[in-house]
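Here is a short briefing on one protein model. Look at the structure first, then work through the points below.

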Amino acid sequence: MNDEILNTIPHRPPFLFVDEIVAQTAERIHTRKTINADEPFFKGHYPDFPIMPGVLICECVFQAGALLMAKKMEMEEGKVPVLTRIQNVKFKQPVFPDSVLDIHVEYGESVGPAHYMKGKAEVNGKTAVLVEFTAMLMEEQR
């Protein structure tokens, strides 16, 4: 597990869907997630034809976006990135066990507290999902 990721976003296993940061600038990030055959969701998501649920592929993109937000603007302690809008989602290819997802997120703009981004997840250079999304920083509730 990558300490940089754990120190940057609040997600933790079993709901951490970024294994490594491959490359990052202020406006873009490329992350990677290996989808192991023993992932718990495969037991119930078509056990005879296991495919990764589309919402979890999107979650990989959203978590990469949270990492990008953290780089772009220094996140204040006690604040967490929260997804506020998802739009224009297109599922292009299924993701199977033992795949490696390459996730690319590009920062669009910020309007007030809202941060607009778009991302995609690919397997072997083929797009699995395209998605546009918005996130905000919110106070942690304890």
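The largest nonpolar core of this predicted model has 37 residues. Met52, Val61, Val95, Leu101, Ile103, Val105 and Met117 touch the most other members. A nonpolar core is a set of buried Ala, Val, Leu, Ile, Met, Phe, Trp, Tyr and Cys residues joined through side-chain atoms within 4.5 Å. Buried means under 20% relative accessible area, exposed means over 50%, and partly exposed is in between (1.4 Å probe, protein chains only).

**The core**
- At least two core residues come from each of α1 (3-8), β2 (28-35), α2 (54-72), β4 (99-111), β5 (114-123) and β6 (126-139).
- Helices (H or I, at least four residues) and strands (E, at least two) are DSSP runs, numbered from the N terminus.
- The largest share, 11 residues, comes from α2.
- Val61 touches Ile103, Val105, Gly119, Lys120, Ala121, Val129, Val131 and Phe133, not counting residues up to four places away in sequence. Contact here means heavy atoms within 4.5 Å.
- In soluble globular proteins, nonpolar side chains tend to be buried together.

- Leu83, Ile86, Val89 and Phe91 make a nonpolar surface patch of about 340 Å².
- Patches take residues with over 30% relative accessible area and no salt bridge; like charges are joined within 9 Å, and nonpolar side chains (Val, Leu, Ile, Met, Phe, Trp, Tyr) within 5 Å.
- A salt bridge is a side-chain nitrogen of Lys or Arg within 4 Å of a carboxyl oxygen of Asp or Glu.
- Accessible areas come from the Shrake-Rupley method with a 1.4 Å probe; for residues, only the protein chains shown count as cover.
- Ile86 sits in strand β3. Ile86 is partly exposed, at 45% relative accessible area.

**Backbone features**
- Pro13 and Pro14 are joined by a cis peptide bond, with omega about 5°. Pro14 lies in the loop between α1 and β1 (20-24).
- Asn88 is not a glycine, yet its phi is positive, about 50°. Asn88 is in strand β3 (residues 79-91) and is partly exposed, at 48%.
- Asn124 is not a glycine either, and has a positive phi of about 50°. Asn124 is in the loop between β5 and β6 and is exposed, at 75%.

**Confidence and ground rules**
- The mean pLDDT (the predictor's confidence in each residue, from 0 to 100) is 94, and 97% of residues reach 70 or more.
- Confidence is lowest in α1, at a mean of 92, and highest in β2, at 98.
- Residues are numbered from 1 along each chain as its sequence is written, and side-chain values use heavy atoms, leaving out hydrogens and water.
- In this predicted model, local features need pLDDT of at least 70 and side-chain atom pairs count only at pLDDT 80 or more, while totals for chains, interfaces and linings use all residues.
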